[in-house]
Amino acid sequence: MTALIAAFFLLREHWGHVAGYWPYLLLLACPVMHLFHGHGGHGHHGHYDAGTDRSTNRDA
């Protein structure tokens, strides 16, 4: 939260300098989001173990 408040005041004071870099920051955001987004879900397709029973029915 402190970093967010500091970034707000920093941008408020230096908005004229930062506004010229928006196209470059937008283009930089695309590969950065690709690198850090969703790496936990890959590689789990088709790895179901047929020997285990995954049912939650305990009466059987």
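How far apart should the end C-alpha atoms of helix α3 be at 1.5 Å a residue, and how far apart are they? The 15 residues of this helix, residues 22–36, should span 21 Å, and the end C-alpha atoms are 21 Å apart, which agrees. Keep in mind on this tour that the model is predicted.

**Whole chain.** Start with everything selected and coloured by pLDDT. The average over the chain is 77, and 62% of the residues score at least 70. Where pLDDT is low, the predicted coordinates should not be read in detail. Switch to a cartoon: the secondary structure consists of three helices and zero strands, in the order α-α-α from the N terminus on. Among these elements, α1 has the highest mean pLDDT, 92, while helix α2, residues 15–18, has the lowest, 83.

Now show the surface. The chain has about 6,200 Å² of accessible surface, and carbon and sulfur atoms account for 67% of that. Of its 60 residues, 2% count as buried.

**Helix α1.** Select residues 2–13. This helix has twelve residues and reaches 17 Å from its first C-alpha to its last, close to the 16 Å expected at 1.5 Å a residue. The number of buried residues among the twelve is zero, so α1 lies largely in the open.

**Two aromatic pairs.** Show the aromatic side chains next; the count of pairs comes to two. F8 and F9 make an edge-to-face pair, with 5.2 Å centre to centre and 70° between the planes. F9 is partly exposed, at 42% relative accessibility.

Move on to W15 and W22, which form a tilted pair: their planes stand at 55° and the centres are 5.8 Å apart. Are these two residues buried, exposed or partly exposed? W15 counts as partly exposed because its relative accessible area of 45% falls between the 20% and 50% cut-offs. W22 is likewise partly exposed, at 41%.

**Helix α3.** Return to residues 22–36 and colour them by relative accessibility. Here too the count of buried residues is zero, and the helix is hardly covered. Within it, pick F36. This residue is exposed because its relative accessible area, 70%, is over 50%.

**Nonpolar patch.** Finally, select L11, W15, Y21, W22, Y24, L25, L28, V32, L35 and F36 and show their surface. Together they make a nonpolar surface patch of about 1,100 Å². Which element gives the most to this patch? It is α3, with seven residues. To see how side chains along a helix line up, view it end on: an α-helix has 3.6 residues a turn, so residues three or four places apart point the same way.

Terms used. Residues numbered from 1 in each chain as written. Predicted model: local features only at pLDDT ≥ 70, side-chain atom pairs only at ≥ 80, totals over all residues. Heavy atoms only, no water. Helix = DSSP H or I, 4+ residues; strand = E, 2+ residues; numbered from the N terminus. Expected span 1.5 Å × (residues − 1). Buried < 20%, exposed > 50% of the residue type's maximum accessible area, 1.4 Å probe, protein only. Patch = residues over 30% accessible without salt bridge, like charges linked within 9 Å, V, L, I, M, F, W, Y side chains within 5 Å. Areas by Shrake-Rupley, 256 points an atom, 1.4 Å probe, with all protein chains shown as cover. Salt bridge = Lys/Arg side-chain N within 4 Å of Asp/Glu carboxyl O. Phe/Tyr/Trp six-rings, centres within 6.5 Å; stacked < 30°, edge-to-face > 60°. pLDDT = per-residue confidence, 0-100.
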